[in-house]
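Student: I have a model open and would like to talk through its packing with you. Could we start from the aromatic rings?

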Amino acid sequence: MPNPIQDCMMAHSSVRAFEPTPVPKEVIERCVAAAQMASTSSWIQAYSLLQIHDATKREALAELCGGQAQVHAAGAFFVVLADSRRHLLLAESAGCDHVQNLEGFLLVVVDASLFAQSLALAFESEGLGICFIGGLRYQLDEVDRLLDLPQGAWPLFGLSVGTPEEKPDGRPRLPLSAVLHHDRYPTDGEVAAATDAFDEVASAHYAERGLAGRTWSGGMARKFMAPVREELAAYYISKGARLS
């Protein structure tokens, strides 16, 4: 039975080359309204979306994100915020304490992430391309100064959106046996078997792109060899988060 929502999801790929065509305001507002219907813990709706229109700011953000051209080249660029600010203001107005801890931080991060993924799907359903920009966290202090963010408004990642100049093929994903489990977590041997099976698929994908000999498992092992962005905890704490 045809399912256009699942078809759209299965067609996903990250787009990094965009035509210089602005995304119409009505499309943005329609997609944001749809994304707001994402699940939200206890109705907290702890997210905000900051669209960056100013060309100078977008060029600066592109550099702060590691020189990612799609930040300023896409039809629209957004910063996704885990937003505890409005709840802080509500507490102050009501004369209540606003106590933060790790659970409170996770609540708003999860809320904002659910909203952002729903937003990406909404944009893709309009025929647009998207690319999440985790590089926004490379230099959060500088991003914060550029955007003049208040306490409790925590930038998580960027989102480039626009008309694709090219639509790359999607990368294959782990087999269902690696992610869908029943009643128990798999044994280490079962995890390894599923990973080995995926390595064959991923290696073929790499080879088709001139990267023969590369494996997914090898790349993942190296990716976590050393800590990265160790300054993040200090930044989020400085902006009112509590991570303990």
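This is a predicted model: local features need pLDDT of at least 70, side-chain atom pairs count only at pLDDT 80 or more; totals for chains, interfaces and linings use all residues.

Student: What kind of pair do Phe78 and Phe123 make?
Tutor: Their ring centres are 5.9 Å apart. Since the planes meet at 25 degrees, the pair is stacked.

Student: How many residues apart in sequence are the parts that Phe78 and Phe123 tie together?
Tutor: Helices (H or I, at least four residues) and strands (E, at least two) are DSSP runs, numbered from the N terminus. Phe78 lies in strand 2, while Phe123 lies in helix 6 (residues 102-125). The pair therefore ties together parts whose separation in sequence is 45 residues.

Student: And which kind of pair is formed by Phe105 and Tyr236?
Tutor: The centre-to-centre distance here is 5.4 Å. With 55 degrees between the planes, this aromatic pair is tilted.

Student: Where do Phe105 and Tyr236 lie?
Tutor: Both Phe105 and Tyr236 are buried. They sit in parts that are 131 residues apart in sequence, so the pair ties those parts together. Phe105 belongs to helix 6, and Tyr236 to helix 11 (residues 232-238).

Student: Which residues form one aromatic cluster with Phe105?
Tutor: Tyr236, the partner in the tilted pair, is one of them. The cluster consists of Phe105 together with Trp154, Tyr235 and Tyr236.

Student: Let's turn to helix 3. Which of its residues are buried, and how wide is the arc they fall within?
Tutor: Helix 3 (residues 55-64) has Arg58, Leu61, Ala62 and Leu64 as its buried residues. The arc is that of the directions from the helix axis to the C-beta atoms. Seen down that axis, the buried residues line one face of the helix, because they fall within an arc of 160 degrees.

Student: Which exposed residues does the face turned away carry?
Tutor: The buried side is covered by elements including helix 4 (70-73), strand 2 (76-83) and helix 7 (140-147). On the face of helix 3 turned away from that side, the exposed residues are Thr56 and Glu63.

Student: What is Leu61 in contact with, leaving aside neighbours within four places in sequence?
Tutor: Leu61 is in helix 3 and is buried, with a relative accessible area of 0%. Contact means heavy atoms within 4.5 Å. With those neighbours set aside, the residues touching Leu61 are Ile52, Val71, Phe77, Leu136, Val143, Leu146 and Leu147.

Student: Finally, how far apart are the C-alpha centres of domain 1 and domain 2?
Tutor: Domain bounds come from an automatic or database domain assignment. That assignment gives domain 1 as 4-169 + 227-239 and domain 2 as 176-213. Their C-alpha centres are separated by 30 Å.

Methods
Residues are numbered from 1 along each chain as its sequence is written. Side-chain values use heavy atoms; hydrogens and water are left out. Buried means under 20% relative accessible area, exposed over 50%, partly exposed in between (1.4 Å probe, protein chains only). Rings of Phe, Tyr and Trp (its six-membered ring) pair if their centres lie within 6.5 Å; planes under 30 degrees apart count as stacked, over 60 as edge-to-face and the rest as tilted.
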